[in-house]
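This report describes a single protein chain, moving from its overall form to a few individual residues. The sequence and the model are shown first.

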Amino acid sequence: MAESENVWQGMAPAYSPFEILPARQVLFVLTVGNFISPKEADLILRDSNLREEEAKLDVYRTACGYLFEMRTPFTNKLNSRLQISDDFHTAEVNLSGHDMQRLYGLNSALMLCYMPSTTSLDTLLMHASAVVNEGKAYLFLGRNGTGKSTHSRLWLQDISRTKHLNDDHPVIRIDPQGNSIAYGSPWSGKTSCYHNESAPIGAIVRIKQAPANSIRILSPIESYASLFTSSTGIAWEKTLAEGKDRTLQKIISRVSCLRLECLPDKAAARLCASVVRKEKQCKE
C-alpha cells in the first residue's frame, strides 16, 4: 500500500469512523498491486450509461473469477482494474492516473468487494439518501437528479429532530429479529456524511419530480420493484441474486414503501414526514 499512501490518506475521513480493531470478521481482503490482466476474459456486462457525469463499469469473466474495469466520470478514462476471486473473498486492484483518480478507483473497488461479500448476510447497499428522525431512518430513492439529496436537506431544514445518516449508499441489514436496520457507510457521494450510526427503518420513499405534491403507499409488488432497482447486486451470479431477493422480501414484509411525486419544496417534506410517521405507527 506504500505507493498508494496519499490515496489512502485522502480516503481516511470517510473510512476512519468505521474502523474496528481488531476486526470482528474479515469479509474480504483487497490488495493494491499491479496484476497482469488475464489473456482470456469474456465480457458479461458493458455499461451502456451515456451520462458523462457517471462512472462506467465493464465486467469480464476470467478463469479465476471476475475482472472489473472502471472509468472515472466525465473523462471516461480507465482508472482502475479489479480482479475478484470466484468466492469474492480475495481481490487485487490496479490504480492509475493522478491521486484523485486513484482515490476514486480504490473507493469503488472497496465498494465492489463489500457488496458481494455481504449479500449472504441479509445485507444490501441501497442507492439512496437517508435521514434519521425520532429514532427511525427514512430512505429516499430515485434516479440520479430526481431530488433525493434535496429532499433530505428539506427534512434537515424543516422537520425538527432530523439528522443526516448517509447521502448516497446507506447499508440495510436485517437483524436477528427480522427488523430492517439502516447504517451509515463510507460511500456518501458528494456529501461528506460518514456516520457510524444506525436506526430501524421507518419507511422507504421513492422520489419523482412532479408539478404538485402527492404521496401514496406502494403495493408489495411495486415495493419490490422500487427497492430492486435502487439496491446493488450481481444478477449473473445465482447465489448472490438469490441472496438479494431474500433480503428484499424481508424488507418489504416489515417496512412501508411509498412514492412521493413532488416539488423541491418544504411542503413536500412536511407531507412526506406526516404520512411516513403514520405508517411507522401502523407497522408498530
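This is a predicted model: local features need pLDDT of at least 70, side-chain atom pairs count only at pLDDT 80 or more; totals for chains, interfaces and linings use all residues.

## Charges, fold and selected residues

In secondary structure, the chain holds 6 helices and 15 strands. Its C-alpha atoms fill a box of roughly 55 × 40 × 35 Å along the principal axes. The radius of gyration is 19 Å, which agrees with the value near 19 Å that a compact globule of 284 residues would have. Of these 284 residues, 48% are buried, while the accessible surface of the chain comes to about 14500 Å², with 53% of that area belonging to carbon and sulfur atoms. When contacts between residues at least 6 apart in sequence are considered, 61% of them join residues at least 24 apart.

| Residue | Relative accessible area | Class |
|---|---|---|
| Leu258 | 0% | buried |
| Phe88 | 7% | buried |
| Ser85 | 14% | buried |
| Glu134 | 39% | partly exposed |

Ser85 lies in strand S5, which covers residues 78-85, and it counts as buried because its relative accessibility of 14% falls under the 20% cut-off. The side chain of Ser85 reaches the backbone nitrogen of His89 at 3.4 Å. Once neighbours within four places in sequence are left aside, Ser85 is in contact with Cys64, Gly65 and Thr90.

Phe88 is placed in the loop between S5 and strand S6 (90-95). The phi angle of Phe88 is near 65 degrees, a positive value in a residue other than glycine, and Phe88 is buried at 7% relative accessibility.

A positive phi is also found at Glu134, where the angle is near 50 degrees, again in a residue other than glycine. Glu134 belongs to the loop between strand S8 (129-133) and strand S9 (136-141). With a relative accessibility of 39%, Glu134 counts as partly exposed, because this class takes in values between 20% and 50%.

Where does Leu258 lie in the secondary structure? Leu258 is found in strand S15, spanning residues 256-262, and it is buried with a relative accessible area of 0%.

Methods:
Residues are numbered from 1 along each chain as its sequence is written. Side-chain values use heavy atoms; hydrogens and water are left out. Helices (H or I, at least four residues) and strands (E, at least two) are DSSP runs, numbered from the N terminus. The radius of gyration is taken over C-alpha atoms; the globule rule is 2.2 Å times the number of residues to the power 0.38. Buried means under 20% relative accessible area, exposed over 50%, partly exposed in between (1.4 Å probe, protein chains only). Contact means heavy atoms within 4.5 Å. Accessible areas come from the Shrake-Rupley method with a 1.4 Å probe; for residues, only the protein chains shown count as cover. A polar contact is a pair of N or O atoms within 3.5 Å; within protein, one must be able to donate a hydrogen and the other to accept it, and residues adjacent in sequence count only if both atoms are side-chain atoms.
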